[in-house]
Amino acid sequence: MRRTGVFFVLLVLLVVAAGLTFVAYQFNLSALNEPGQMETRLATRVKGWIVGRSARGSLPPAPPSNSSSVALGEMDFMGVCATCHGMDGRKPTDIGRWMYPRTPDLGSPEVQQWSDAELFWIIRNGIRLSGMPGFERSLSTTQRWQVTMLVSHADKIPPAVRKALNPD
Ligand code: HEC
């Protein structure tokens with residue numbers, strides 16, 4: 001009876017080891033391939049759940065959302081976010097485009113569905129295992145809120161401004 005138990009455990013370990021070896025051989029570390037649909041869907045679900053839950057905690061109060069806040073956010077954005085998200089946040093640069101996962105268009109419905117509190121949380125903490133840095137230590141709270149306001153208005157940038165920011 002005991003022998004059968006030991007044999008069974010060894011068999012399970014062997015199957016797990018064979019499975020891991022197979023996955024390790026198949027795994028492709030390159031960032032060039034488009035992220036798979038299943039992977040993206042699963043990662044997006046998990047991200048949505050974790051960010052939603054984390055952003056429920058206490059956040060510093062937001063300054064009044066007015067146009068000067070958005071304009072000031074633009075100045076910060078050009079300095080620190082444009083490297084990956086592009087000058088208007090809507091057209092990722094080559095660096096951003098070829099990160100894994102890809103740097104998103106901040107005006108897309110996927111990004112616009114976040115609440116202001118969730119955007120603030122993402123900008124403050126970043127997203128681990130992606131290229132999105134956390135700005136807790138490099139931007140002040142006011143700057144982070146200004147950038148948050150800008151991101152939450154990214155789908156409303158007038159075409160003339162977009163054209164001026166992306167001349168090509
Ligand atoms: C070094 C490149 C890089 C820089 C700089 C950067 N980002 Fe990102 N950002 C990313 C990547 C890559 C993602 C995708 C993360 C993911 O898919 O989970 C991302 C995701 C985001 C998201 C969440 C989108 C989503 O739906 O998951 C927001 C919001 C965002 N960035 C805003 C900003 C802001 C604002 C700044 C500047 C303060 C900034 N980012 C700077 C690379 C960057």
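Helices here are DSSP runs of H or I with at least four residues, and strands are E runs of at least two, numbered from the N terminus. What you're looking at is a predicted model, where local features need pLDDT of at least 70, side-chain atom pairs count only at pLDDT 80 or more, and totals for chains, interfaces and linings use all residues. Residues are numbered from 1 along each chain as its sequence is written.

**Helix α3**
- Helix α3 runs over residues 67–80, and its 14 residues reach 20 Å from the first C-alpha to the last, close to the 20 Å expected at 1.5 Å a residue. That expected span is 1.5 Å times one less than the number of residues.
- Ser-69, Val-70, Gly-73, Glu-74 and Phe-77 are the buried residues to look for in α3. They sit on the same side of the helix, because they cover an arc of only 145° around the axis, taken from the directions from the helix axis to the C-beta atoms.
- "Buried" means that 20 or more other C-beta atoms lie within 10 Å of a residue's own, "exposed" means 12 or fewer, and "partly exposed" is in between, with C-beta atoms placed from the backbone.
- As background, an α-helix has 3.6 residues a turn, so residues three or four places apart point the same way.
- The buried residues of α3 pack against α4 (82–85) and α8 (141–152). Contact here means C-beta atoms, placed from the backbone, that lie within 7 Å.

**Helices α7 and α8**
- Nine of the 12 residues of α8 are buried, so this helix is largely enclosed by the rest of the structure. They are Arg-144, Trp-145, Gln-146, Val-147, Thr-148, Met-149, Leu-150, Val-151 and Ser-152.
- The buried residues of α8 pack against α3 and α7.
- The end C-alpha atoms of α8 are 16 Å apart, which agrees with the 16 Å that its 12 residues should span at 1.5 Å a residue.
- Over in α7, Leu-119, Phe-120, Trp-121, Ile-122, Ile-123 and Arg-124 are buried, and their cover includes α2 (37–54) and α8.

**The nonpolar core**
- The largest nonpolar core has 16 residues, and Leu-119, Phe-120, Ile-123, Val-147, Leu-150 and Val-151 have the most contacts inside it. α3, α7 and α8 each supply at least two residues of this core.
- A nonpolar core is a set of buried Ala, Val, Leu, Ile, Met, Phe, Trp, Tyr and Cys residues joined through C-beta atoms within 7 Å.
- Leaving aside neighbours within four places in sequence, Ile-123 touches Phe-135, Arg-144, Val-147 and Thr-148.

**Around the ligand**
- Of the 25 residues around the ligand, Cys-81, Cys-84, Ser-130, Gly-131 and Met-132 come nearest. A residue counts as near if its C-beta atom, placed from the backbone, lies within 6 Å.
- This shell has 17 nonpolar, six polar and two charged residues. Ala, Val, Leu, Ile, Met, Phe, Trp, Tyr, Cys and Pro count as nonpolar, Asp, Glu, Lys and Arg as charged, and the others, Gly among them, as polar.
- α4, α6, α7 (116–125) and α8 each supply at least two residues of the shell.

**Spots in the loops**
- Leu-106 is in the loop between α5 (94–97) and α6 (109–112), yet it is buried, with 25 other C-beta atoms within 10 Å.
- Setting aside neighbours within four places in sequence, Leu-106 is in contact with His-85, Gly-89, Arg-90, Val-111, Val-151 and Ala-154.
- Pro-101 also lies in the loop between α5 and α6, and the peptide bond from Tyr-100 to Pro-101 is cis, with omega near 0°.
- Leu-129 is in the loop between α7 and α8. With 9 C-beta neighbours inside 10 Å, Leu-129 counts as exposed, and it has a positive phi of about 65° although it is not a glycine.
- For context, most residues other than glycine have a negative phi, and most peptide bonds are trans.
- Gly-126, which follows α7, has a positive phi near 75°.

How values were computed
Contact = placed C-beta atoms within 7 Å.
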